Amino acid sequence: MKKLLLSLSLLLLAGQASAWTGNLKVTDNYFEGTGNNARLVLVVDQNFHTCGWNNAANIDLSQVGSEAYRTLVSVALAAMVSGRPLSLDTNSCAGDRASVFGLKLGMQ
């Protein structure tokens with residue numbers, strides 16, 4: 001299981017200018033939208049961007065594609081359940097939240 005989580009823990013999409021932020025604990029999450037407009041909203045324990053709601057980010061299906069979306073959501077939920085920190089790769093704002101394009105699952 002650890003090997004599977006580690007293999008899923010890093011996802012980078014080529015060609016994206018990005019900013020990594022690390023050691024963030026997920027304090028809440030919820031899903032919004034349906035179909036191709038589905039997104040997972042992550043709320044973390046500290047401010048990490050300047051988009052508005054400074055401690056929230058979207059993993060947006062329409063931005064990352066279906067395979068990446070499933071992987072990113074799995075890693076994010078694993079972090080929340082296990083209490084492990086995340087590093088987020090963000091490159092833009094989606095309204096008042098950062099857009100996530102990659103995740104790294106940290107150590108406890």
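Because the model is predicted, local features need pLDDT of at least 70 and side-chain atom pairs count only at pLDDT 80 or more, while totals for chains, interfaces and linings use all residues. Residues are numbered from 1 along each chain as its sequence is written, and side-chain values use heavy atoms, with hydrogens and water left out.

The core comes first. A nonpolar core here is a set of buried Ala, Val, Leu, Ile, Met, Phe, Trp, Tyr and Cys residues joined through side-chain atoms within 4.5 Å; buried means under 20% relative accessible area, exposed over 50%, and partly exposed in between (1.4 Å probe, protein chains only). The largest such core has 26 residues, and Ile59, Tyr69, Leu86, Leu88 and Leu103 have the most contacts inside it. At least two residues each come from strand 3, strand 4, helix 2 (61–64), helix 3 (66–82), strand 5 and strand 6 (97–105), with helices (H or I, at least four residues) and strands (E, at least two) taken as DSSP runs numbered from the N terminus. Helix 3 gives the largest share, 7 residues. Leaving aside residues up to four places away in sequence, Ile59 has contacts (heavy atoms within 4.5 Å) with Ala38, Arg39, Leu40, Leu42, Tyr69, Leu72, Val73, Ala76, Val100 and Leu103.

Next up is the disulfide. A disulfide is a covalent bond between the sulfur atoms of two cysteines, called here when a pair of cysteine sulfur atoms lies within 2.5 Å. The structure holds 1 of these: Cys51 pairs with Cys93, with the sulfur atoms 1.9 Å apart. Cys51 sits in the loop between strand 3 (39–44) and strand 4 (56–60) and Cys93 in strand 5 (residues 86–94), so the bond ties together parts that are 42 residues apart in sequence. The torsion about the S-S bond is about -80°, which means the disulfide is left-handed. As for accessibility, Cys51 counts as buried because its relative value is 15%, whereas Cys93, at 44%, counts as partly exposed.

Thr21 lies in strand 1 (residues 19–24) and counts as buried, since its relative accessibility is 17%. Not counting residues up to four places away in sequence, Thr21 touches Phe48, Leu86, Ser87 and Leu88; Leu86 and Leu88 are also among the core residues with the most contacts. Asp89, in strand 5, is buried too, with a relative accessible area of 3%.
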